[in-house]
Amino acid sequence: MRSIKAIFTKQAKDMFRNPMVLVQFIIFPAVALIMTELIAKSNEDIATNMFVTMMAAIFAGMALVTATAGVIAEDKERKSLRFLVMAGVKPHEYLIGTGGFILLAGLIASIAFGLIGVFTGIEFARFLTVMIMAAAASIILGAAIGIVSKNQQAATALAMPIAVILGFAPMIASFNETVAKAAGILYTQQLNVIVNDFSANFTKAITVIGINIAVLIILFVLAYQKKGLRG
Amino acid sequence: MIQMNNIVKRFGAQTVLTDVTFKVKEKEIFGMLGPSGAGKTTIINILTNQLEADGGNYSIGASPFETGLMLDEDGLYIRLNCLENLNVFADIYGIPREKSVAAIKSVGLFDAAKKTVNTLSKGMRQRLALARAILHEPKILFLDEPTGGLDPATARGIHKLILDLCANGATVFLTTHNMEEAVKLCDKVALLHKGKIVEQGSPAEICERHNAIKTVPDLESVFIKLTGVELE
């Protein structure tokens, strides 16, 4: 617990001084706010929450994957991880400390999305539930990418195409039924389904996201067994 | 305190360590000498459990918590300041944060305590890395090229620190390719060449065995004697 707290605190300080990562947690809610205020609210043909839905899915699928992958790959590249392991930090403590703060930052951004979308009551609860589950899935995926990558450049090269697919699949799915069916297996699409229509099958959505998380945990374990945490 | 017996390490088809055997006594400064690529860092990596040996065995008279490590790559958090870097580890070790202040003072970085790491010079980063290694007052210190690439004044400062640490009861295992540094610091040295120890003993014994006793030109001392100031 001591190590988790120390790494969580370190991650908080580090992220607030790292504009490259910090901006990802600000830009998506900011764009959602601007587009909702300037376009959606003044155009009757567009659903008021269209940009919140779109940006929330892109945020969950892209920002959290690339941020987590980048943070872990940087610690590996700079050999900081070696010193943590030498100091007795267990791999799960490192990952919980690092991922925990990114999850908290993701939660804060999700609350911002919820406020922009003016969700209330059960809608807000459902929105936060799927956002947190999607954020957890993205963090696990990002951690797996960070572990298999030698450095930040390699992590970005690997994370970006995956993040683009995850982030933009829901948007493409809204224009194409075949894509919508195929994308149904992705947690970002399920997030999109719920946020677009809060009366949609919530149980199905969280089950699919849960399966995604389980699959990503297996992927993460395989990555960890192959590469470990040593830089 | 540290013992290695017939250690063998291979990377693929290449054998990087062959039958490496040595012993380090408590409170001793032991130097592993050799050129780049001789296998010095591999030995540290094995002793600190970062690599597995392919043959032989070793033992260390301290738990991982009781060892300190300084590598050529410092692994510091570049966006945190000096004190924050040490506090991360103080929190992990569960020791009071006052120890971070004491460690930073001992390496002469107190005035730079609030500076972020990415604004520090190489010498300052080396000293901060040493402060992190000694933060929890380890029984054994592993120092990989502790003065590599440093100016003589900073190197002298680090030498003094190493000698002080040893006087306070720490056992030091260091690697270097600087023979002068080894003579100055080490009680015992081993000469490593292409993964094999070709000679070991105290520097004086080794030189005597090979008729190599001579006065080493020490330009640093001459400079200080003539100018009264250290090279910055």
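What follows is a chat about the structure shown above.

Q: What kind of model is this, and what goes into the values?
A: It's a predicted model, where local features need pLDDT of at least 70, side-chain atom pairs count only at pLDDT 80 or more, and totals for chains, interfaces and linings use all residues. Residues are numbered from 1 along each chain as its sequence is written, chains are lettered from A and ligands numbered from 1 in the order in which they are written, and side-chain values use heavy atoms, with hydrogens and water left out.

Q: OK, how far does H1 of chain A reach?
A: Helix H1(A) covers residues 2-16 and spans 22 Å from its first C-alpha to its last, close to the 21 Å expected. Helices are DSSP runs of H or I with at least four residues, strands are E runs of at least two, and both are numbered from the N terminus. The expected span is 1.5 Å times one less than the number of residues.

Q: Which of its residues are buried?
A: Among them are Ile4(A), Ile7(A), Lys10(A), Asp14(A) and Met15(A). Buried means under 20% relative accessible area, exposed is over 50% and partly exposed is in between, with a 1.4 Å probe and protein chains only.

Q: And what covers them?
A: The cover includes helices H2, H3, H4 and H5 of chain A, together with helix H2 (82-93) of chain B.

Q: Switching to the largest nonpolar core: which residues touch the most other members?
A: Phe113(A), Phe22(B), Ile43(B) and Phe173(B), out of 148 residues. H3(A) gives the most to this core, with 17 residues. A nonpolar core here is a set of buried Ala, Val, Leu, Ile, Met, Phe, Trp, Tyr and Cys residues joined through side-chain atoms within 4.5 Å.

Q: What does Phe113(A) touch?
A: Its contacts (heavy atoms within 4.5 Å) include Phe28(A), Val52(A), Phe59(A) and Met131(A), leaving out residues up to four places away in sequence.

Q: How much area is buried between chain B and chain A?
A: About 2300 Å², and carbon and sulfur atoms give 58% of that. Tyr77(B), Arg79(B) and Ile92(B) supply 32% of the area that chain B buries against chain A, more than any other three residues. Buried area is the accessible area (1.4 Å probe) that two parts lose on being put together, summed over both.

Q: How many salt bridges between them?
A: Three. In one salt bridge, the side chain of Glu74(A) meets that of Arg79(B) at 2.7 Å, N to O. The cut-off is a side-chain nitrogen of Lys or Arg within 4 Å of a carboxyl oxygen of Asp or Glu.

Q: On to strands: what does S8 of chain B pair with?
A: S8(B) runs parallel to S3(B), with four bridges, and antiparallel to S9(B), with five. Two strands pair if DSSP finds at least two bridges between them. Leu191(B) stands opposite Leu33(B), and also opposite Glu199(B) in S9(B).

Q: What about the turn between S8(B) and S9(B)?
A: The two strands form a hairpin with two residues between them, and Lys194(B) in the turn has a positive phi of about 50°.

Q: Where does Glu145(B) lie?
A: In the loop between S6 and helix H5 of chain B, with phi near 50°, a positive value in a residue other than glycine.

Q: Why does Glu145(B) count as buried?
A: Because its relative accessibility is 16%.
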